[in-house]
Amino acid sequence: MALKATIFKSDLQIADMDRHYYATHSLVIARHPSENDERMMVRLLAFALHASESLAFTKGLSDTEEPDIWQKDLTGAIELWIELGQPDEKRIRQACGKARQVAVFTYSGNSADVWWKGIASKLERLDNLQVINVPVEMTHTLAALANRNMQLQCTIQDGQVWLADNSQSIETHFSILKPFK
């Protein structure tokens, strides 16, 4: 018998002063049986950093043809494709061909560093690709915020990002390995 996704709900208030985006998103996050709290919260962080009214979680791990998060315009064209983990070069190139922008969030410490060193030179010409590394210590901190019913606030200002719930506030740290050109 196949395991079912665990449902998490989050009211995510975003105040992104860098992009002048202010909104509350009521999110339903289906955590795949093979996904842990760390990966799920990196997905939530990726959502907060790129939030818009049309940004949406996809089937993710349940569908290999879709990213973890995407944003489509009214015609169905993919404006933003967000992947988590360490996708192979072919998948990244295909995503860059399908979407106006592609963001990859890595989060697994040393293996992410090794992955990036091995693939970076092959992807340097992709102008619509951004690669962000979330350090493993930060993923542990983010996982501490995971809860089946989350009330979260995200504040973004001058490139700094804070996530808070009713009991704690954390400043997130990540590095941009490859910026959009």
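Predicted model: local features only at pLDDT ≥ 70, side-chain atom pairs only at ≥ 80, totals over all residues.

Me: Is α1 mostly covered or mostly exposed, and how many of its residues are buried?

Reply: A residue counts as buried when its relative accessible area is under 20%. Among the residues of α1 in that class are Met40, Met41, Val42, Leu44, Leu45 and Phe47, but also the charged Glu38, Arg39 and Arg43. The helix is therefore described as mostly covered, and the number of buried residues in α1 is 12 of 13.

Me: How is α1 oriented relative to helix α4, and which residues make the contact?

Reply: The two helices, α1 and α4 (residues 136–143), pack at an angle of about 90 degrees, with their axes 8 Å apart. Because angles of 65 to 115 degrees count as roughly perpendicular, α1 is roughly perpendicular to α4. By class, the residues of this contact are 5 nonpolar, 2 polar and 2 charged. On the α1 side they are Asp37, Glu38, Met41, Val42 and Leu45, and on the α4 side Thr139, His140, Leu142 and Ala143.

Me: At what angle do α2 and α3 pack, and which word describes their orientation?

Reply: Helix α2 (residues 89–98) and helix α3 (residues 110–123) have axes that lie 11 Å apart and form an angle of about 45 degrees.

Me: Which hand does the crossing of α2 and α3 have, and how do the residues of the contact divide by class?

Reply: The crossing in which α2 passes α3 is right-handed. The contact brings Glu89, Ile92 and Arg93 of α2 against Trp115, Ile119, Lys122 and Leu123 of α3. By class, these residues divide into 4 nonpolar, no polar and 3 charged.

Me: Is phenylalanine 105 buried or exposed, and what is its relative accessible area?

Reply: Phenylalanine 105 lies in strand β6 (residues 99–106), and beyond four places in sequence it touches residues including Val42, Ala46 and Leu49, as well as Ile82, Leu84, Ile132 and Val134. The C-alpha atoms of phenylalanine 105 and valine 42 are separated by 7.8 Å, although the two residues are 63 residues apart along the chain. Phenylalanine 105 is buried, with a relative accessible area of 0%.

Me: What is the separation between the C-alpha atoms of leucine 152 and serine 10?

Reply: Leucine 152 has its place in strand β8 and is buried, at a relative accessible area of 1%. Its contacts beyond four places in sequence include Ser10, Asp11, Leu12 and Gln13, and also Met41 and Leu44. Serine 10 is 142 residues away from leucine 152 along the chain, and yet their C-alpha atoms are separated by 6.9 Å.

Me: Is serine 26 buried or exposed, and which residues does it touch?

Reply: Serine 26 lies in strand β2, and because exposed means over 50% relative accessible area, its value of 63% makes serine 26 exposed. Leaving out residues up to four places away in sequence, serine 26 touches Ser10 and Asp11.

Me: What is the phi of histidine 20, and what is the phi of aspartate 158?

Reply: Most residues other than glycine have a negative phi. Histidine 20 is found in the loop between β1 and β2, and aspartate 158 in the loop between β8 and β9. Histidine 20 is exposed at 61% relative accessible area, and aspartate 158 is exposed at 66%. Neither residue is a glycine, yet phi is positive in both, at about 60 degrees for histidine 20 and about 55 degrees for aspartate 158.

Definitions and conventions. Residues numbered from 1 in each chain as written. Heavy atoms only, no water. Axes fitted to C-alpha atoms, helices over the stretch in contact; angles between N-to-C directions. Helix = DSSP H or I, 4+ residues; strand = E, 2+ residues; numbered from the N terminus. Left-handed = near helix turned anticlockwise from the far one by under 90°. Contact = heavy atoms within 4.5 Å. Buried < 20%, exposed > 50% of the residue type's maximum accessible area, 1.4 Å probe, protein only. Parallel < 35°, antiparallel > 145°, perpendicular 65-115°, else oblique.
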